[in-house]
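Thanks for coming, everyone. Let me put the sequence and the model on the screen.

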Protein chains: 2
Amino acid sequence: MKTDLDAIMQDNNLDALLITGPGQHNPAMIYLTGGAHLTNADVIKKRGEPPVLFHASMERDEAANTGLALRSYNKYPLKALLEEAGGDRVVAAALRYCKMLTDFGVTEGRVAVYGKVELSNLFPILLEVQRRMPGLTLVGDPEGRVMGTAMLTKDEAEVARIRQMGRVTAQVVGQVAEFLTSKPVDADEILRNPDGSPVTIGQVKGLINLWLAERGVENPAGTIFAIGRDGGVPHSSGAPDDPIRLGTPIVFDIYPCEAGGGVFHDLTRTWCLGYAPPAVQAIYDQVRTVFNTVMRELKPGVHFGEYQKLACEMFEEMGHATILNQPDTEEGYVHGLGHGVGLRIHERPFSSTTSLPEDMLQPGAVVTIEPGLYYPERGYGVRLEDTVYLRPDGTVEVLVEYPHDLVLPMKE
Amino acid sequence: MKTDLDAIMQDNNLDALLITGPGQHNPAMIYLTGGAHLTNADVIKKRGEPPVLFHASMERDEAANTGLALRSYNKYPLKALLEEAGGDRVVAAALRYCKMLTDFGVTEGRVAVYGKVELSNLFPILLEVQRRMPGLTLVGDPEGRVMGTAMLTKDEAEVARIRQMGRVTAQVVGQVAEFLTSKPVDADEILRNPDGSPVTIGQVKGLINLWLAERGVENPAGTIFAIGRDGGVPHSSGAPDDPIRLGTPIVFDIYPCEAGGGVFHDLTRTWCLGYAPPAVQAIYDQVRTVFNTVMRELKPGVHFGEYQKLACEMFEEMGHATILNQPDTEEGYVHGLGHGVGLRIHERPFSSTTSLPEDMLQPGAVVTIEPGLYYPERGYGVRLEDTVYLRPDGTVEVLVEYPHDLVLPMKE
């Protein structure tokens, strides 16, 4: 949790964190500022001290709303910096960082840099800061061992927000089901609009965005709504012009977030409208068996990768290829069992058998469980996903309940 | 334009570009791939050669849709990389880049890195790549001298997309005007909902997001809808719970983009509902005079900063402080006149008098013109903004026409 940050910095031998970039759609920045509407900002957090937010003067009101200690960039006038830098903008930007760090007593030790930003901009500036402050060592945190470790466990307020995103997600999934099952079909089994045109994937995705916007949330990463063969390729998002046909499985994976890039929720259902072909029903039942087994076995204190291993072994037992023994298979079970969900849609803990040893399921974790089977050449894929919370008492809460049915009966 | 990229690379002594990160909401990646739905990808573009897209095997269909030359990350199996790296993930990731670069003949010279990514992840990996490939020099492009120079001029297809975003934006602005002017007011001059509750800023912003979503576009950076004093602080986005009162100026700055983070459009109006106080009308007229003068004078071949200087001089002549002579003023005219608009909401050319000498207005440029006056202590601000296209023939096209009226008469 956020309150663990100083201790985690100590464990990782870090003296300060430097977080840069916009105030929204920038997980590390949002974690410390709460998601203020800032075009560009910096946060310096020294170990054992509260964070300081650097902001444009024009954005002083938004900055003040964060409740953090503030400093305006006006204290570091660009004109003087450019003069000192001989007109070189990279040097001027680096000088500003040097002064900011120095002003807050960060002149030696290890500083981890964060922020979702333009690499072409920050990479050369950080190299120049490093050159000018040899007492500092600027490092990254590619495995999420610092902020990512704090984020591994959520406090009640954070979980409440993810649960609320889950409710919104389930409402929209329900609206999509209602929309699809209310449509008439012709003899060709294709869903039709009132004007006779086919209902398309693109149309459904547009409605999903509309129904999410009605609830005040965002969908920055899009939606997977993939039918038939496309559903057999896990990250294929679906072809906009494709019609929707009875009996053809649809993989519907939806992962919206709070406005401005706050917490996410992640849910997948596989649907066959009207009826399911026996081959699809059979692999669906297998996925559901694995899903139910994992959900039953899930408990804190076990490495997430153990459940991936369990899922792979169960699928292999059923006769499917998996990445456990065929790392580059494109058929069978081809991805990880799940991932943490928070300010990022994919964050620690990861379920890979090669993920960090620290990626234990801990009380306070919020993770997805999402086994699937993929047979693109046979024209289908199946995935089932819920987001769950490992409560402090060790029990597991499915953050939002939504029916797991494969077949959605048509209304007429 | 994109077709100039090889020549611009040559001018900047660059041998290759390395672009990394997601396929969406990542301008440099979208510029080369068109905005495919890729979770994570890399593009290597060697000078004089077409770009190559590296992608996850699961995302092969989405990758194929880009029409680029492809290579799957499966060619660089993680397990082998981790072994070679002695289990160190940063080294493994760096080794993959080294192999990718080597496979495509990029083993010496200067390589510029791009992508909107997590710094904590990429910074240490790039340092390791640099260490392992001493023949390469990894550089940034903080001033946008390469991709930014290509993007300085738009081709007809790009302009058509920005124009279309302008149409959508104007439709939504019109809906907001219609919504506001249709509301009843009490003796306190506060706009009321049918249930008697006050119409709030947050409610209007929710409707804006809904109406944008209905048109299939996104609003990742939010909307400024700031009333009274908040409108006097240029980047204050407005307090959600604030009511809306007749005669109190509203600064409404809206900048949505295509779904997935494509092109933006930028438009600002200042409105007084019902009537305008004389002091507000007076500074509004001054802003409009400056706006009209700049629009009349605007032509290619002039540095954008010249128009900023013109705006400052006009405002100072009228008795206002400006950043030309008082760089840290928080009253008067406190920001730049405009900026380029494209895959970024703010991009070159910039109108600062200290912006790049190359930031001439060229035929093909798409820029905003947005003078304003800010008096937070007096409780108001005014800004007026259109997005314009400098046509190849030297004439100026306002990309979408929308009335500039300050006062919106109430319907009843």
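I will take the symmetry, then the interface, then the aromatic rings, then one arginine.

First, some ground rules. This is a predicted model: local features need pLDDT of at least 70, side-chain atom pairs count only at pLDDT 80 or more, and totals for chains, interfaces and linings use all residues. Residues are numbered from 1 along each chain as its sequence is written, chains are lettered from A and ligands numbered from 1 in the order in which they are written, and side-chain values use heavy atoms, with hydrogens and water left out.

Symmetry, then. How is chain A superposed on chain B? By a rotation of 180 degrees, with 0.1 Å of shift along the axis and an RMSD of 0.0 Å. That is how a two-fold axis relates two copies. Which residue of chain A comes closest to the rotation axis? It is A:Val117, with its C-alpha at 2.8 Å.

Now the interface. Contact here means heavy atoms within 4.5 Å. By that rule, 62 residues of chain A touch 63 residues of chain B. The copies meet through the same surface, because 100% of the interface residues of chain A are also interface residues in chain B.

The two chains bury about 5300 Å² between them, and 57% of that is on carbon and sulfur atoms. A:Met58, A:Leu119 and A:Phe123 supply 14% of what chain A buries against chain B, more than any other three residues. Buried area is the accessible area, with a 1.4 Å probe, that two parts lose on being put together, summed over both.

Eight salt bridges cross the interface of chain A and chain B. The rule asks for a side-chain nitrogen of Lys or Arg within 4 Å of a carboxyl oxygen of Asp or Glu. B:Arg89 and A:Glu143 form a salt bridge at 3.0 Å, N to O.

On to the rings. Over all chains, there are 13 aromatic pairs. Rings of Phe, Tyr and Trp (its six-membered ring) pair if their centres lie within 6.5 Å; planes under 30 degrees apart are stacked, over 60 edge-to-face, the rest tilted.

Take B:Phe54 and B:Tyr76. Their centres are 6.4 Å apart and their planes at 45 degrees, so this pair is tilted. B:Phe54 is buried at 0% relative accessibility, and B:Tyr76 is buried at 4%. Buried means under 20% relative accessible area, exposed over 50%, partly exposed in between (1.4 Å probe, protein chains only).

Next, B:Phe179 and B:Trp211. Centres 6.2 Å apart, planes at 70 degrees, so the pair is edge-to-face. In chain A, ring pairs link A:Phe54, A:Tyr76 and A:Phe104 into a cluster.

Rings also meet charges. B:Arg96 lies over the face of B:Tyr73, 3.9 Å from the ring centre. B:Lys2 lies over the face of B:Tyr31, at 5.3 Å. The test is NZ of Lys or CZ of Arg within 6 Å of the ring centre and within 35 degrees of the ring normal.

Last stop: A:Arg269. Is A:Arg269 buried or exposed? It is buried, at 1% relative accessible area. Its contacts beyond four places in sequence include A:Phe252, A:Glu385, A:Asp386 and A:Tyr402.

Definitions and conventions: Least-squares fit on C-alpha atoms with pLDDT ≥ 70 in both.
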